[in-house]
Amino acid sequence: MVTIDPAARANVTLIDHPLVQHKLTLMRKKEASTSSFRRLLNELAGLMIYEVCRDMPLQDLEIETPLEKTTGKVIDGKKLVFASVLRAGNGILDGVLGVVPGARVGHVGLYRDPKTLQAVEYYFKMPSNMEERDVVVVDPMLATGNSAAAAVTRLKACNPKSIKFLCLLTCPEGINTLYREHPDVRVFTAAIDRGLNDHGYIMPGLGDAGDRIFGTQ
């Protein structure tokens with residue numbers, strides 16, 4: 001069994017809120033329908049993004065309430081980019097955009113070679129002026145870590161201000177790989193599972209997230 005590097009584990013935020021854990025358990029059930037899986041993922045993403053955005057910078061904004069003028073705090077959502085790792089990452093987008101609707105969206109198209117388990121890129125599109133933006137990479141599973149590391153490497157070529165990684169599930173192998181390649185990228189997850197099987201799937205996991213989101217085999 002693979003163990004987690006202590007430095008890598010310190011770089012992971014486990015979001016263990018009861019609502020998050022409850023919904024994740026319902027998603028894991030093999031009898032969960034495509035529609036319920038998709039709905040739960042949307043709800044979970046909306047809950048988890050609160051923790052990811054905890055340290056987002058605020059700026060003052062003068063406003064007028066029905067009673068008087070005052071100064072409040074706001075975030076600049078347009079400076080935030082959600083980078084979806086296709087295709088399963090798109091299942092998280094609606095949930096996070098529901099909380100931060102002003103964020104921009106980018107896409108990284110990667111598939112995992114079934115023989116080598118290495119990531120192969122087929123699409124990449126990001127907003128302009130990335131050097132002014134903070135990026136949250138969204139992908140339901142951080143399994144081998146190869147796709148995540150490849151996505152982050154590609155994103156770093158755009159020189160964003162910062163990069164975080166948001167996933168539902170991960171495991172020691174994925175945590176170690178991403179940390180080894182990108183120790184500056186913090187991981188936010190709802191669960192750290194036991195490990196990978198011979199096919200690179202997280203165990204006990206929840207199956208293939210993309211297939212369960214989109215109803216494919």
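Guide: Let's start with a definition: a disulfide here is a pair of cysteine sulfur atoms within 2.5 Å. By that rule, the count in this structure is zero. The model is predicted, so local features need pLDDT of at least 70 and side-chain atom pairs count only at pLDDT 80 or more, while totals for chains, interfaces and linings use all residues. Residues are numbered from 1 along each chain as its sequence is written, and side-chain values use heavy atoms, with hydrogens and water left out.

Visitor: Is Cys167 buried or exposed, and how do you know?
Guide: We look at relative accessible area, found with a 1.4 Å probe on protein chains only: under 20% is buried, over 50% is exposed, and in between is partly exposed. Cys167 has 1%, so it counts as buried.

Visitor: What relation do helix 2 and helix 3 have to each other, and how do you know?
Guide: First, the ground rules: helices (H or I, at least four residues) and strands (E, at least two) are DSSP runs numbered from the N terminus. Axes are lines fitted to C-alpha atoms, for helices over the stretch in contact, and angles between N-to-C directions run from 0 to 180 degrees. Angles under 35 degrees count as roughly parallel, over 145 as roughly antiparallel, 65 to 115 as roughly perpendicular, and the rest as oblique. The axes of helix 2 (residues 18-28) and helix 3 (residues 34-52) come within 10 Å and cross at roughly 155 degrees. That angle is over 145, so the two helices are roughly antiparallel.

Visitor: Which residues make the contact between helix 2 and helix 3?
Guide: Contact means heavy atoms within 4.5 Å. Helix 2 brings Leu19, Val20, Lys23, Leu24, Leu26 and Met27, and helix 3 brings Phe37, Leu40, Leu41, Glu43, Leu44, Leu47 and Met48. They divide into 11 nonpolar, no polar and two charged.

Visitor: Why is helix 6 called mostly covered?
Guide: Seven of the 10 residues of helix 6 are buried, namely Pro172, Glu173, Gly174, Ile175, Asn176, Thr177 and Leu178.

Visitor: How do you class Ala209, buried or exposed?
Guide: Ala209 has 5% relative accessibility, so it is buried. This residue is in helix 7 (residues 209-214). Leaving aside neighbours within four places in sequence, Ala209 is in contact with Phe37, Ala88, Pro140 and Met141.

Visitor: Which class do Asn129 and Asn159 belong to?
Guide: Asn129, at 39%, is partly exposed, whereas Asn159, at 53%, counts as exposed. Asn129 has a positive phi of about 55 degrees although it is not a glycine, and Asn159 has a positive phi too, near 60 degrees. Asn129 lies in the loop between strand 6 (119-125) and strand 7 (134-138), and Asn159 in the loop between helix 5 and strand 9 (162-166).

Visitor: Where are the peptide bonds from Leu86 to Arg87 and from Met203 to Pro204, cis or trans?
Guide: Leu86 and Arg87 are joined by a cis bond, with omega about 5 degrees, and Arg87 is in the loop between strand 4 (80-86) and helix 4 (90-99). The Met203 to Pro204 bond is also cis, with omega near 0 degrees, and Pro204 sits in the loop between strand 14 (202-203) and helix 7.

Note on methods. Nonpolar A, V, L, I, M, F, W, Y, C, P; charged D, E, K, R; others polar.
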